[in-house]
Amino acid sequence: MTRRQIEDHLQELGDLYAETSGGGPWAWNQARGAFLRRLAADVRRPGFELLIAETTALTGCAYGFPVRGDGPWWEGFDGYLPERLLRLAASGRLFVISGIHVPSRVRRQNQDRAWNLARRLQKRLLTDHGAAVAVTLVNRSDHRTVEALRSWGWRYIEGDTPRTAPLGPFRVLVLET
């Protein structure tokens, strides 16, 4: 989607996020607003791309941006990335996936199948940008998202296991093409 198309679909994207992020309706407005603020910031990044899936309504989305070895994308990643990923960033072959939002049934059913919606969206983002590796940050306490990402092929970053994870509020996961 272009930036203009994203602006035109902000309400739908916010609704999709609220519906797929869990929690009850009481938490939706606050979570929805925070999501829309993060999305507005990401849209301004060079190379930003947002893919949507829809039938008669929006059913899923994934978005992110390619990174270089410097720049504001580092916020939150400081001290987390091993040298190998820093070299990929410098060569333009590292892609940050900021979010994958799909219905809960996609998180639970057929997670390991190539045709799983989340797997197709993430693969398309990486293919479109010629990225070798995707990286994402997940709040350390968000076990549900970590579990879903791992079922879609993501793995913990080198040296990060549930027992030896670096300190900090986030888990770093990577996905190789």
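In the predicted model, D42 is buried, with a relative accessible area of 10%. The cut-off for this class is under 20%, so a value of 10% places D42 within it. D42 lies in helix 3, which covers residues 25-43. The side chain of D42 forms a polar contact with the side chain of S98, at 2.9 Å. S98 is also among the residues that D42 touches, together with F48, Y63 and F65; residues up to four places away in sequence are not counted here.

Y63 and F65 are touched by D42, and strand 2 spans residues 58-67. Strand 2 runs antiparallel to strand 1 (residues 49-54), and six bridges join the two. The strands form a hairpin, with three residues between them. One of the bridges pairs A53 with G60 of strand 2.

D112 sits in the loop between helix 5 (104-108) and helix 6 (117-129). Leaving aside residues up to four places away in sequence, D112 touches R119 and S151. S151 is 39 residues from D112 in sequence, yet the two C-alpha atoms are 6.2 Å apart in space.

Conventions. Residues are numbered from 1 along each chain as its sequence is written. This is a predicted model: local features need pLDDT of at least 70, side-chain atom pairs count only at pLDDT 80 or more; totals for chains, interfaces and linings use all residues. Side-chain values use heavy atoms; hydrogens and water are left out. Helices (H or I, at least four residues) and strands (E, at least two) are DSSP runs, numbered from the N terminus. Contact means heavy atoms within 4.5 Å. Buried means under 20% relative accessible area, exposed over 50%, partly exposed in between (1.4 Å probe, protein chains only). A polar contact is a pair of N or O atoms within 3.5 Å; within protein, one must be able to donate a hydrogen and the other to accept it, and residues adjacent in sequence count only if both atoms are side-chain atoms. Two strands pair if DSSP finds at least two bridges between them.
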